[in-house]
Amino acid sequence: MGTAERRAREKDELRRRILEAATALFLEQGYESVSMRKIADRIEYAPSTIYLYFKDKVELVSSICFETFSELDRRLESIISLGLPPLETLRRSLIDYIYFGLEHPSHYTFVFCTPPSVFKDMGPEQHGDVNGMAMATFDRMRVGIKACMEDGSIREDDVETTAQSAWLFVHGVTTGLVIDCGFPFVDRTMLIESSVDRLIRGLN
């Protein structure tokens with residue numbers, strides 16, 4: 001590995017550490033209570049280092065949201081690219097959505113469970129950019145639901161209502177598993193697949 005490549009990798013790693021530390025602190029202490037200094041202290045760097053990567057907390061929040069939606073979208077796209085029948089594509093996408101949340105619990109909780117009003121410092125343009133990416137990811141569910149209706153895999157109904165209902169269902173499952181409430185859940189894999197299968201049967 002050359003010097004330039006090593007430095008680029010080190011920069012990417014530090015950026016990732018900053019985002020992870022910020023996400024954890026936002027959840028632990030609340031967005032308003034977290035300063036750039038606290039984030040720097042968490043990763044044991046000087047505050048000036050944080051500012052080399054992010055100009056303020058608003059940019060940090062935007063980056064957390066963008067990277068979370070980008071990764072989720074990439075995973076859903078990889079399933080779509082397999083060219084499976086619409087119903088199997090939908091099933092796998094819903095299951096992988098839940099696993100995505102379980103693999104990235106802090107990011108999922110922060111991005112999907114924090115009221116937008118918390119980020120009042122974020123300007124209209126940034127709100128629009130983040131919301132646009134969120135809706136683009138959600139559109140994959142809309143398209144998948146519509147394809148299943150068109151080929152008769154699920155009954156015809158209002159696409160938007162059905163897609164939103166399906167998202168609320170998997171969001172509830174994901175949140176319930178991400179937040180450790182001490183409930184004695186059965187085997188996680190069986191529970192996730194059974195939940196999604198029950199949802200799909202309900203759409204028939």
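This is a predicted model: local features need pLDDT of at least 70, side-chain atom pairs count only at pLDDT 80 or more; totals for chains, interfaces and linings use all residues.
Residues are numbered from 1 along each chain as its sequence is written, and side-chain values use heavy atoms, with hydrogens and water left out. Local features need pLDDT of at least 70 and side-chain atom pairs count only at pLDDT 80 or more, while totals for chains, interfaces and linings use all residues.

Helices are DSSP runs (H or I, at least four residues) numbered from the N terminus.

**Helix α2**

Helix α2 spans residues 36-43, and M36, I39, A40 and I43 in it are buried (under 20% relative accessible area with a 1.4 Å probe, protein chains only). These residues lie on the same side of α2 because they cover an arc of only 100 degrees around the axis, the arc being taken over the directions from the helix axis to the C-beta atoms. An α-helix has 3.6 residues a turn, so residues three or four places apart point the same way. The buried residues of α2 pack against α1 (3-29), α3 (47-51) and α4 (57-80); contact means heavy atoms within 4.5 Å. Just after α2, E44 has a positive phi of about 60 degrees.

**Helix pairs**

Axes are lines fitted to C-alpha atoms, for helices over the stretch in contact, and angles run from 0 to 180 degrees between N-to-C directions.

| Pair | Axis separation | Angle |
|---|---|---|
| α4 and α5 | 10 Å | about 150 degrees |
| α5 and α9 | within 10 Å | roughly 140 degrees |
| α7 and α8 | within 9 Å | roughly 120 degrees |

Angles under 35 degrees count as roughly parallel, over 145 as roughly antiparallel, 65 to 115 as roughly perpendicular and the rest as oblique. α4 and α5 are therefore roughly antiparallel to each other. α5 is oblique to α9, and α7 and α8 are oblique to each other.

The crossing of α4 and α5 is right-handed, as is that of α5 and α9 and that of α7 and α8; a crossing is right-handed if the near helix is turned clockwise from the far one by less than a right angle, and left-handed if anticlockwise.

**Contacts of α5**

On α4, the residues that meet α5 include T68, L72, L76 and I79, and their partners in α5 include R92, D96 and F100. This contact has seven nonpolar, three polar and five charged residues. Here Ala, Val, Leu, Ile, Met, Phe, Trp, Tyr, Cys and Pro count as nonpolar, Asp, Glu, Lys and Arg as charged, and the others, Gly among them, as polar.

Towards α9, α5 uses residues including L87, R91, L94, I95 and I98, which meet a set including I192, E193, V196 and I200. The residues of the contact of α5 with α9 divide into 10 nonpolar, one polar and four charged.

R92 is found in α5 and is partly exposed at 37% relative accessibility (partly exposed lies between the buried limit of 20% and the exposed limit of 50%). Apart from neighbours within four places in sequence, R92 is in contact with I79, L82 and L84.

With residues up to four places away left out, E193 touches R91 and I95. E193 and L94 are 99 residues apart along the chain, and their C-alpha atoms are separated by 9.2 Å.

Conventions: Helices (H or I, at least four residues) and strands (E, at least two) are DSSP runs, numbered from the N terminus.
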